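Open the model in your viewer and switch to a cartoon view.

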Amino acid sequence: ATVTIVLALGRHVVGIVVDGVSDVITLSDEQKRPAPEFSSAVDAEHIHAIGSVDDRMLILVDIVKLMCSADMGLQH
């Protein structure tokens, strides 16, 4: 089953269809680390930070920056 996530991005409302949502969590500052530097082969411009919960590593994406990028065609 697919899930639609609705985002309010400035004056735009955008729906994103994803395969599923397993959890919605809030991370403390202690659970977040700055995004690492990647080689030029990886575009890390939209990565906000790296998070950890128990034994899981999470990549935190700056969704506003991602959705408002030139590739998406939205202006914030």
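Predicted model: local features only at pLDDT ≥ 70, side-chain atom pairs only at ≥ 80, totals over all residues.

Stop 1: Start with the open sheet, built from 3 strands in the order 3-4-5. The pairing is antiparallel. Now color the edges: strand 3 (32-34) and strand 5, each of which pairs on one side only. Look along the sheet to see the twist, which averages 30° from one strand to the next.

**Stop 2: strands 4 and 5.** Select residues 47-53 for strand 4 and residues 56-61 for strand 5. The two run antiparallel, joined by 6 bridges. Pick Ile 50, then its bridge partner in strand 5, Ile 59. Next pick Ile 47; Val 61 of strand 5 stands opposite.

**Stop 3: the turn.** Strand 4 and strand 5 form a hairpin with 2 residues between the strands.

**Stop 4: the nonpolar patch.** Switch to a surface view. Select Met 57, Ile 59, Val 61, Ile 63 and Val 64. Together they form a nonpolar patch on the surface, with about 420 Å² of accessible area. Two elements give two or more residues to this patch: strand 5 and helix 1 (63-67). Strand 5 gives the most, with 3 residues.

**Stop 5: Val 61.** Keep Val 61 selected; this residue belongs to strand 5. You have now met Val 61 opposite Ile 47 and as a member of the nonpolar patch. Is Val 61 buried or partly exposed? Its relative accessibility is 41%, so Val 61 counts as partly exposed.

**Stop 6: His 46.** Move to the loop between strand 3 and strand 4, where His 46 is found. His 46 counts as buried, because its relative accessibility is 14% and the cut-off for buried is under 20%. What is His 46 in contact with, leaving aside its neighbours within four places in sequence? Select Leu 60, Val 61, Asp 62, Lys 65, Leu 66 and Ser 69. Val 61 is among these contacts, so the last stop leads back to a residue that, at 41%, counts as partly exposed.

Terms used. Residues numbered from 1 in each chain as written. Heavy atoms only, no water. Pairing = 2+ DSSP bridges. Helix = DSSP H or I, 4+ residues; strand = E, 2+ residues; numbered from the N terminus. Patch = residues over 30% accessible without salt bridge, like charges linked within 9 Å, V, L, I, M, F, W, Y side chains within 5 Å. Areas by Shrake-Rupley, 256 points an atom, 1.4 Å probe, with all protein chains shown as cover. Salt bridge = Lys/Arg side-chain N within 4 Å of Asp/Glu carboxyl O. Buried < 20%, exposed > 50% of the residue type's maximum accessible area, 1.4 Å probe, protein only. Axes fitted to C-alpha atoms, helices over the stretch in contact; angles between N-to-C directions. Contact = heavy atoms within 4.5 Å.
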